[in-house]
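Here is a short briefing on one protein chain.

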Amino acid sequence: MSRSALVGNITAMLQDAGFVVSDRCSIRPKSFDLAARRGDDLLLVKILANVDGLDAETGLEMRRLGSYLSATPLVIGLRTRDEELKPEVVYFRHGVPAINPDTAFDLFVENVPPLIYAAPGGLYVNIDGDLLSDEREERGWSLGRLATELGVSRRTVSKYEDGMNASIEVAIKLEELFDQPFSDPVEVLDGAEAVRDAEPTPEDPAVDPDEDHVLAVLARVGFTVHPTNRAPFTAVSEDGDHEIENLLTGHSAFTRSAEKRARIMSSLGEVTRTRSVYVTEEREKRDAVEGTALVSQEELSALRDADDLRDLILERARAPAES
């Protein structure tokens, strides 16, 4: 299957599951392909035939964007270099959960979350330790008796009951012994944080010198600015007063490529519930490209505070945009 066909299939699946899906981010470099929202759940989705194609820099960018936009970064793919991605299993690449299309369908359409995740050494499940302890005590088994049945140490059983995850082989033995499952779902929409090593949000990348003036002005008028290096926009800027909340910012001479980028930002803004502004080298004849306000560098530099910028963006984004 071509990557384009795979992206189309994933888009259709998300729409069938009730997500509003953005236009495809078709300008390189790009850290994600689609944004998708269903209620309060926001996804930033990277679609790859081979999930090992997600490099460290892109993984870090996806995790940063997830933090800025209150979104879950997610990779949907078919295989690694060595094997097909197994159904019902969550993998990780550079801290980003990765699943195959069947697992995504089960999760988003059938509302059946995966129970298994891959980590160094094999496949694991998240054990409900309290349930295991209650069932063991109700049966009158000691820690040592259960350890013998499982072929592990008494200390290991104690750790299971304290919340340590178990191999899939142990989970199967537990289910056979007690005739019930003890596995908790892997919460993909929370970034599967409960079953992977906790990692702090990566620090912002260095500011591109070409963007320094624009981002410095945004900071001066009161926004907290997070530069990006692989997104379809230059920065995500947070409005401390939450009248605009997050602001997607682009900047360049206004070429055809820039116009395309502004349209993608408009689509992303609708899904992520953000405003978007494109800072141009010269004042443009039109005020906006769809929902993305166009503001020249000169106009931006003349602004006194965040209120002036908010008003300008809202005024221009409401104006009829030329096609």
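Glutamate 57 and arginine 230 form a salt bridge, with the closest N and O atoms 3.0 Å apart. The pair links distant parts of the chain, 173 residues apart. The model is predicted. The structure holds 20 salt bridges.

**The Glu57–Arg230 pair**
- Glutamate 57 sits in helix 2 (residues 56-69).
- Arginine 230 sits in the loop between strand 11 (223-227) and strand 12 (235-239).
- Glutamate 57 has a relative accessible area of 37%, so it is partly exposed.

**Other salt bridges**
- Side chains of opposite charge can pair when their charged atoms come close.
- Arginine 136 forms a salt bridge with glutamate 137, the closest N and O atoms being 3.8 Å apart.
- Arginine 136 is buried, because its relative accessible area is 8%.
- Aspartate 287 forms a salt bridge with arginine 316, and here the closest N and O atoms are 3.8 Å apart.
- Arginine 316 lies in helix 11 (residues 306-318), while aspartate 287 lies in the loop between strand 14 (275-280) and strand 15 (288-289), so the pair ties together parts that are 29 residues apart in sequence.
- Arginine 316 counts as buried at 7% relative accessibility, whereas aspartate 287 is partly exposed at 27%.

**Charge and surface**
- The chain has 36 positive and 61 negative side chains.
- The centres of these two sets lie 5 Å apart.
- Asp208, Asp210, Glu281, Glu282 and Glu298 form a negative surface patch.
- Aspartate 210, one of these, lies in the loop between strand 10 (183-184) and helix 8 (212-220).
- Aspartate 210 is exposed, because its relative accessibility is 59%.
- The accessible surface of the chain comes to about 15,300 Å².
- Carbon and sulfur atoms account for 44% of that surface.

**Threonine 11**
- Threonine 11 is part of helix 1 (residues 3-16).
- With 16% relative accessibility, under the 20% limit, threonine 11 counts as buried.
- Leaving aside neighbours within four places in sequence, threonine 11 contacts Val21 and Leu34.
- Threonine 11 and isoleucine 264 are 253 residues apart along the chain, and their C-alpha atoms are separated by 16 Å.

**Overall fold**
- The chain comes to 11 helices and 16 strands.
- Its C-alpha atoms fill a box of roughly 80 × 40 × 30 Å along the principal axes.
- Of the 323 residues in the chain, 52% are buried.
- Among contacts between residues at least 6 apart in sequence, 60% join residues at least 24 apart.

Notes: Residues are numbered from 1 along each chain as its sequence is written. This is a predicted model: local features need pLDDT of at least 70, side-chain atom pairs count only at pLDDT 80 or more; totals for chains, interfaces and linings use all residues. Side-chain values use heavy atoms; hydrogens and water are left out. Patches are made of residues with over 30% relative accessible area and no salt bridge: like charges are joined within 9 Å, nonpolar side chains (Val, Leu, Ile, Met, Phe, Trp, Tyr) within 5 Å. Accessible areas come from the Shrake-Rupley method with a 1.4 Å probe; for residues, only the protein chains shown count as cover. A salt bridge is a side-chain nitrogen of Lys or Arg within 4 Å of a carboxyl oxygen of Asp or Glu. Lys and Arg count as positive and Asp and Glu as negative; His and the chain ends are not counted. The place of a charge is taken as NZ of Lys, CZ of Arg, CG of Asp or CD of Glu. Helices (H or I, at least four residues) and strands (E, at least two) are DSSP runs, numbered from the N terminus. Buried means under 20% relative accessible area, exposed over 50%, partly exposed in between (1.4 Å probe, protein chains only). Contact means heavy atoms within 4.5 Å.
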